[in-house]
Amino acid sequence: MPPVVLALRRLPSPRLTGLGAGLFASAVMLTLGLLDELLLDGSPVVYGLLFLPVSALTALWVRTADLVTAPIGVPIAFAVGVVPIAGGTGGFGGQAMAIVTALAVHAGWLYGGTLVAGLIASVRKVREIGRRHQRGAARTASGAGVGAGPGEGPGGRAPAAGRRPVV
């Protein structure tokens, strides 16, 4: 196996709930935004580049049952993290306008990270559906539900009284 694949397999593989994935992404992006403002004077390119792997990790680490939340949570995390680097002045109104402007100007990074999370979540969902299909086919091939005659339920038993057999 290539060393890159072995290194990737050694990475942790937590399973976060949908809420946990959103909180993870928001906390990391806020931290990165603060560090970007502190160290690089709020570089939007660095912030955007760091947003892409956070989006990918969020989509990889969310539970299979909560995959739909990954592409929803990462744009919220981007908005949370952009607050420190927005650079607004003049109170709440000035800060709010700076955040809205930063979101509009850096929409490419926002869309890119959302696309990354959406693609990863979609691939994971398709793979999970394939696994379920294979397990169902293996169960059918092993004999579960086989041998039922007409009017009988799975396993050759008669259906419960008053119920029609499922066809």
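Rings of Phe, Tyr and Trp (its six-membered ring) pair if their centres lie within 6.5 Å; planes under 30 degrees apart count as stacked, over 60 as edge-to-face and the rest as tilted. Ring pairs of this kind join Tyr47, Phe51 and Phe78 into a cluster. This is a predicted model, where local features need pLDDT of at least 70, side-chain atom pairs count only at pLDDT 80 or more, and totals for chains, interfaces and linings use all residues. Residues are numbered from 1 along each chain as its sequence is written, and side-chain values use heavy atoms, leaving out hydrogens and water.

**Aromatic pairs**

- Searching the whole structure turns up three aromatic pairs.
- Phenylalanine 24 and tryptophan 61 make a tilted pair, 5.4 Å centre to centre with 50 degrees between the planes.
- This pair links distant parts of the chain, 37 residues apart: phenylalanine 24 sits in helix α2 (residues 18–40) and tryptophan 61 in helix α3 (residues 44–61). Helices here are DSSP runs (H or I, at least four residues), numbered from the N terminus.
- Tyrosine 47 and phenylalanine 78 have ring centres 5.1 Å apart and planes at 55 degrees, so this pair is tilted.

**Burial**

- Phenylalanine 24 counts as partly exposed at 23% relative accessibility, while tryptophan 61, at 17%, counts as buried. Buried means under 20% relative accessible area, exposed over 50%, and partly exposed in between (1.4 Å probe, protein chains only).
- Tyrosine 47 and phenylalanine 78 are both buried.

**Helix packing**

- Helix α4 (residues 70–86) packs against helix α6 (residues 107–141) at an angle of about 155 degrees, with the axes 8 Å apart. Axes are lines fitted to C-alpha atoms over the stretch in contact, and angles run from 0 to 180 degrees between N-to-C directions.

How values were computed: Helices (H or I, at least four residues) and strands (E, at least two) are DSSP runs, numbered from the N terminus.
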